[in-house]
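Notebook open. I want to look up the pockets of this model and what lines them.

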Amino acid sequence: MKVVSIEHSKFTYFADFAVYLAAVVVLPWVLFRLAPPPVRGGLVLAVLAGLVIWSLVEYAMHRLVFHGIEPFQRMHGEHHRRPHALIATPTALSLAMIAGLFWLPATLLTSRWVGSATTLGLTAGYFLYGVVHHALHHWRARSAWMKKCKRLHAIHHRSPQVNYGVTMPWWDRVFHTLKEP
């Protein structure tokens, strides 16, 4: 197996979930324990902002990068060809991108507390995206929301120019790329 591969062994694939689950469980405790008391209230809003930002990042990455820029387009095409394969972004790459492209600028533009809380929200969104995307391809949908996500994502796999939002169709509505069954 290559050092940077999009197809993973079961261990490597599920280790990614463990890394991000640990982050979204431990980091809130660390952040709210270490942050000065006057700052803590605003951190909740920063986490929520990070979740909203993630929803746009999810849409933009899927539409503009995974369906628009080589070599990512070719790599993502492999997922479309083999939707049950254990294909995902390598953990080291996603961590580096979150730290370098989001945490560092957010911290420099705001403060270490607000930047870290916003990054926590983005990271929680990324983790939830990973779980939902895995579920769409490997689990039976039980809730109405999951059934809707599964239908929209199935349409995306048949028509890759629509339904880029995996967890939420908000941005597909905004950018007129939503196709409902």
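The model is predicted, so local features need pLDDT of at least 70 and side-chain atom pairs pLDDT 80 or more, while totals for chains, interfaces and linings use all residues. I number residues from 1 along each chain as its sequence is written, and side-chain values use heavy atoms, without hydrogens and water.

I took pockets as open sets of points on a 1 Å grid over the protein atoms alone, where a 1.4 Å probe fits, with protein on both sides within 12 Å along at least five of seven lines; lining residues have an atom within 4 Å of a point. Volume is the space filled by probe spheres set on the points, which are joined across faces, edges and corners.

**Second largest pocket.** I read a volume of about 300 Å³. Its lining has 15 residues; Leu27, Trp103, Ser116, Thr119 and Leu120 lie nearest the centre. I sorted the lining into 12 nonpolar, 3 polar and no charged residues. H1, H4 and H5 each supply at least two. H1 gives the most, with 6. Helices here are DSSP runs (H or I, at least four residues), numbered from the N terminus.

**Largest pocket.** How much space lies in it? I get about 970 Å³. I find 40 lining residues, with Met61, Phe66, Thr89, Tyr126 and Tyr129 nearest the centre. Helices H1 (10-34), H2 (37-66), H3 (72-81), H4 (91-109) and H5 (112-138) each give two or more residues to this lining. H5 gives the most, with 9. I sorted this lining into 28 nonpolar, 10 polar and 2 charged residues.

How values were computed: Ala, Val, Leu, Ile, Met, Phe, Trp, Tyr, Cys and Pro count as nonpolar, Asp, Glu, Lys and Arg as charged, and the others, Gly among them, as polar.
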